[in-house]
Amino acid sequence: MIDRPSQKPKRLAEELVARLSQYIRDGVFKRGEKLPSELEISSSEGFSRSVVREALLRLQAAGLVETRRSVGTFIVDMPPPPTLQLGPETISTLQDVLSLLELRMSLEVEAAGLAAQNRSPQELKEIELALLSMKDSGPKTGIAIHADSQFHLRIAKASGNAYMFDIMKHLGTKLIPRTKMNSAYAAQKDRVAYLDLVYREHEKIYSAIALQSPDSARAAMYLHLSNSRVRLYQAHEARHTLYE
């Protein structure tokens with residue numbers, strides 16, 4: 001089989017790795033089973049044996065397969081999903097939102113510390129503008145959620161860590177519990193007081209980043225997310241239901 005001339009061997013190997021990984025996820029090849037031979041894969045998938053060999057080496061390096069001399073290559077683990085499985089359809093219950101907050105605590109606390117350490121004057125200004133937008137939005141839920149999301153997103157950007165920023169972009173407005181728990185939050189006796197409390201927590205995060213104090217920024221972000229978790233639980237308990 002001749003490789004496609006327009007594609008380099010490395011790109012072809014990546015394509016084959018993705019294809020074989022999907023076969024494993026779909027159960028075509030199961031854990032513990034032996035993969036077809038290099039020749040069989042080459043014939044069935046349309047790649048040269050050199051590309052097949054490279055793809056198998058990559059799967060082995062990733063810990064997904066192991067090659068036993070004179071026996072063959074066997075599936076030893078399940079590959080991760082090709083994309084982050086965290087869409088609106090996966091965040092629908094109280095526990096889902098609480099789990100997302102726990103993820104945020106492990107990610108955003110450090111992002112805030114890095115932002116305090118690495119932020120530029122322009123990045124600080126962007127965080128400030130998002131904070132002011134939160135204040136100006138008042139009780140307008142949609143605007144407030146967008147501003148809140150932008151505040152956290154811009155902190156991730158200011159951290160200087162592109163992976164943190166990418167994950168935060170993927171999460172989008174799902175970061176904010178109100179997007180899935182709006183009815184519970186609507187049960188607050190004094191919504192204006194609640195929003196003011198949330199704003200002041202964000203203000204403390206901003207101030208620590210402005211002062212370039214990583215420890216204070218981490219503490220302020222941890223306090224905000226921890227408080228969000230408590231408020232979410234309390235609001236849910238008060239309503240006894242996620243949705244109306």
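Tutor: Before we start, a salt bridge here is a side-chain nitrogen of Lys or Arg within 4 Å of a carboxyl oxygen of Asp or Glu. Also keep in mind that this is a predicted model.

Student: Thanks! So how do Glu45 and Arg19 meet?

Tutor: Their side chains form a salt bridge, with 2.9 Å from N to O.

Student: Which parts does that pair tie together?

Tutor: Glu45 belongs to helix 2 (residues 38–45) and Arg19 to helix 1 (residues 9–25), so the pair links parts that are 26 residues apart in sequence.

Student: Is Glu45 buried or exposed?

Tutor: Glu45 is buried, at a relative accessible area of 14%. Arg19, with 25% relative accessibility, counts as partly exposed.

Student: How many salt bridges does the structure hold?

Tutor: There are 16. Another one joins the side chains of Arg104 and Glu108, at 2.5 Å from N to O. Both of these residues lie in helix 4, four residues apart, which is about one turn of the helix. Arg104 and Glu108 are both buried.

Student: And what about Lys169 and Asp166?

Tutor: Their side chains meet in a salt bridge too, at 3.7 Å from N to O. They sit three residues apart in helix 7 (residues 162–171), about one helical turn. Lys169 is partly exposed at 46% relative accessibility, and Asp166 is partly exposed at 41%.

Student: New topic: the overall fold. How many helices and strands are there?

Tutor: The protein has ten helices and two strands. In sequence order the pattern is α-α-α-β-β-α-α-α-α-α-α-α. Of its 244 residues, 42% count as buried.

Student: Now the inside. Which residues have the most contacts inside the largest nonpolar core?

Tutor: That core has 31 residues, and the ones with the most contacts inside it are Ile127, Phe151, Ile155, Ile205, Ile209 and Met221. Two or more residues come from each of helix 4 (94–118), helix 5 (121–137), helix 6 (141–158), helix 9 (191–210) and helix 10 (214–239).

Student: Which helix gives the most?

Tutor: Helix 4, with nine residues.

Student: Let's zoom in on Ile127. What does it touch, leaving out residues up to four places away in sequence?

Tutor: Ile127 touches Phe151, Arg154, Ile155, Ala158, Tyr206 and Ile209.

Student: And what does the second, separate core include?

Tutor: This core of 18 residues includes Leu12, Ile24, Phe47 and Val52.

Conventions
Residues are numbered from 1 along each chain as its sequence is written. This is a predicted model: local features need pLDDT of at least 70, side-chain atom pairs count only at pLDDT 80 or more; totals for chains, interfaces and linings use all residues. Side-chain values use heavy atoms; hydrogens and water are left out. Buried means under 20% relative accessible area, exposed over 50%, partly exposed in between (1.4 Å probe, protein chains only). A nonpolar core is a set of buried Ala, Val, Leu, Ile, Met, Phe, Trp, Tyr and Cys residues joined through side-chain atoms within 4.5 Å. Contact means heavy atoms within 4.5 Å.
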